[in-house]
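Good morning, and thank you for joining this group meeting. I would ask you to keep the sequence and the structure in view while I speak.

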Amino acid sequence: MDRGGAQRVVVDPRRRLPGRGAWLHPDQACLKQAVKRRAFHRAFRGPADIRGVDDYFSTSVPATAGPDTVQAESGSEI
C-alpha cells in the first residue's frame, strides 16, 4: 500500500508477479481512457497508485501504438 492506502500498480510484461492483475493495451490512449473511466480502481477493488504504469508508458511505449502492435494471442499485452 502506498499514497494514502492506494495499492501501487506495477507493469509486469512477463506476467510473472503474484497478485491481482489487469490487462491494458500498450497504447497511451488506452491508459488515458482507463484512468478516465477509473478502470484501475475497479480492477484492483480500491484506490490505485498508477505512477509506475504512467512512467512505463511514457518511456517504453510509443505515443500511438497503432493496430499492428497487439496481435491476437500474441501475449504482448501488458
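**A salt bridge and its surroundings**

Asp49 and Arg51 are joined by a salt bridge, in which the closest N and O atoms lie 2.6 Å apart. Please bear in mind that this is a predicted model.

Let me consider the two partners in turn. Is Asp49 buried or exposed? Asp49 has a relative accessibility of 2%, so it falls under the 20% limit and counts as buried. For Arg51, the relative accessible area is 45%; because this value lies between 20% and 50%, Arg51 is classed as partly exposed.

As to location, Asp49 belongs to strand β2, which covers residues 48–49. Helix α3 spans residues 51–60 and includes Gly52. With a relative accessible area of 33%, Gly52 is partly exposed.

Which residues does Gly52 touch, once those up to four places away in sequence are set aside? They are Val9 and Val11. Between these two in numbering sits Val10, and the C-alpha atoms of Gly52 and Val10 are 5.5 Å apart, although 42 residues separate them along the chain.

I turn next to the aromatic rings. How many aromatic pairs does a search of the whole structure find? The search returns 2. One of them is formed by Phe40 and Phe44, which are stacked, with 6.4 Å from centre to centre and 5 degrees between the planes. Both Phe40 and Phe44 are buried. The other pair, Tyr56 with Phe57, is edge-to-face: the centres are 6.1 Å apart and the planes stand at 70 degrees.

Phe57 has 1% relative accessibility, under 20%, and so counts as buried. Tyr56, at 24%, is over that limit and therefore counts as partly exposed.

A further local feature concerns the start of helix α1, residues 28–36. Asp27 caps the N-terminal end of this helix, with a side-chain oxygen 2.9 Å from the backbone nitrogen of Ala29. After α1 comes Arg38, which has a positive phi, near 60 degrees.

The chain contains 3 helices and 2 strands, arranged along the sequence as β-α-α-β-α. Of its 78 residues, 23% are buried. The exposed surface comes to about 5800 Å², and carbon and sulfur atoms contribute 50% of that area.

What share of the contacts between residues at least 6 apart in sequence joins residues at least 24 apart? The share is 66%. The Gly52 and Val10 separation of 42 residues, with C-alpha atoms at 5.5 Å, gives a local view of two parts of the chain set well apart in sequence.

To close, I would return to the salt bridge between Asp49 and Arg51, with Asp49 in strand β2.

Note on methods:
Residues numbered from 1 in each chain as written. Predicted model: local features only at pLDDT ≥ 70, side-chain atom pairs only at ≥ 80, totals over all residues. Heavy atoms only, no water. Helix = DSSP H or I, 4+ residues; strand = E, 2+ residues; numbered from the N terminus. Buried < 20%, exposed > 50% of the residue type's maximum accessible area, 1.4 Å probe, protein only. Contact = heavy atoms within 4.5 Å. Areas by Shrake-Rupley, 256 points an atom, 1.4 Å probe, with all protein chains shown as cover. Salt bridge = Lys/Arg side-chain N within 4 Å of Asp/Glu carboxyl O. Phe/Tyr/Trp six-rings, centres within 6.5 Å; stacked < 30°, edge-to-face > 60°. Polar contact = N/O pair within 3.5 Å; in protein donor to acceptor, adjacent residues only side chain to side chain.
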